[in-house]
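My entries follow in the order I made them.

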Amino acid sequence: MPLFVLLCYQNLRHTYPAKGSAAPVRAVRGISLGIRRGECFGLLGPNGAGKTTTLSILTGELWPPTSGKVLVGGEDVSEAGFRVLYRRLGNCPQVDPLWEDLSGRQHLFFHGRVKGVPEAALKTEVEHLLRCLGLSGADANKKAKKYSGGMRRKLSVGIALVGRSEVLLLDEPSAAVDAAAKRYLWQMIKSRGAHQTALLTTHSMEEAEALCDRLTIQVLGRLRCLGSPMHIRNKFGQGYQLELFFKAGVSTEAATRFMDERLSKRAVLAEVHPGRCLYQLPPVDGGPGYMGLAQVFTELSQARHTLGVTEYSLWRPSLEQVFLRFAREQQAADDASAEQPAPEAPCSGAAAPPQEAAV
């Protein structure tokens with residue numbers, strides 16, 4: 001494994017056994033992924049994609065996996081044991097790991113000592129974390145059972161950060177946190193040490209773009225894309241989208257002929273509603289069916305009155321739109337499974353090929 005890769009899992013698979021009449025669930029299907037030292041990596045995907053299963057394996061909560069290896073700093077966890085991982089791990093799970101009768105300050109002192117922070121430095125580190133998390137003063141001494149959902153989440157992130165662990169596993173760290181507090185958390189994650197690697201899951205594309213150096217979208221236990229947020233938008237955004245609004249009673253058929261004859265035969269009618277339609281345009285890249293943005297605006301301005309167009313807008317798909325596109329794949333698969341239930345093939349043998357992700 002390259003020295004710059006801190007966390008790696010190879011051909012990772014996990015299948016939950018059948019319960020009653022339900023078929024086995026293949027939550028993770030042969031994924032290999034390397035995460036670089038010091039980067040913030042985003043693991044995105046819809047509910048049921050296998051993200052939490054993956055993180056449960058990495059923390060040892062779910063062990064052993066059906067098959068595969070987990071390596072931290074080049075050491076195989078299955079051989080060295082989880083003591084190797086726990087010495088280097090800061091974890092913020094989905095369910096807040098809090099004791100109701102301990103205060104926020106007591107939580108951080110406890111976890112700091114467990115992680116081996118020297119007593120002389122512990123108080124300074126805890127007080128710094130409490131200030132940065134917005135839990136200083138009276139809030140730091142409140143019992144956790146009196147904390148709001150947002151305060152509990154911030155404390156859970158603080159527990160992951162105390163001790164300056166090399167590997168930070170953050171499972172939806174800003175869930176249930178208000179917009180202002182999210183900025184505090186984002187700043188805390190951004191200001192981590194240069195040696196610290198963060199793996200986070202989130203349903204917020206704004207958070208993913210703000211924090212992640214690279215990210216992947218996982219669907220049905222497999223990786224569907226990998227790269228920086230900009231790379232994924234450019235590669236999977238499928239060019240530009242053009243939305244047209246029409247006068248009442250105007251048919252969209254003339255607009256479709258116009259798109260085919262004057263702009264590009266590769267333009268696809270993605271959505272159609274009364275008085276509005278949405279077209280997917282090919283990339284502005286000089287390839288087949290190429291069109292420049294100037295050409296699009298020129299043709300539309302000349303033909304808008306003839307077509308009955310009242311207004312139009314042109315934009316590049318956002319990361320959220322790319323995410324939703326992949327999420328629809330899982331929804332379609334779930335719907336098909338519900339309509340025609342059938343036991344899945346075993347995880348070994350003729351299973352789908354492992355999803356390799358370059359580092």
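I started with helix α7 (residues 149-161), which lies across β6 and β7 and runs at about 170° to β6. Helices (H or I, at least four residues) and strands (E, at least two) are DSSP runs, numbered from the N terminus. Contact means heavy atoms within 4.5 Å. Axes are lines fitted to C-alpha atoms, for helices over the stretch in contact, and angles run from 0 to 180 degrees between N-to-C directions.

I noted that this is a predicted model, where local features need pLDDT of at least 70, side-chain atom pairs count only at pLDDT 80 or more, and totals for chains, interfaces and linings use all residues. Residues are numbered from 1 along each chain as its sequence is written, and side-chain values use heavy atoms, with hydrogens and water left out.

Next I checked helix α1 (residues 51-59), which lies across β3, β6, β7 (167-171), β8 and β9 (214-219) and runs at about 145° to β7.

What is the strand order in the open sheet of 6 strands? I read β6-β7-β8-β3-β9-β10, with mixed pairing. The edge strands, β6 (89-92) and β10 (222-227), each pair on one side only. Two strands pair if DSSP finds at least two bridges between them. From one strand to the next, the twist averages 15°.

I then looked up β3 (residues 40-44) and β8 (residues 197-201), which run parallel and are joined by 4 bridges. F41 has L199 of β8 as its bridge partner.
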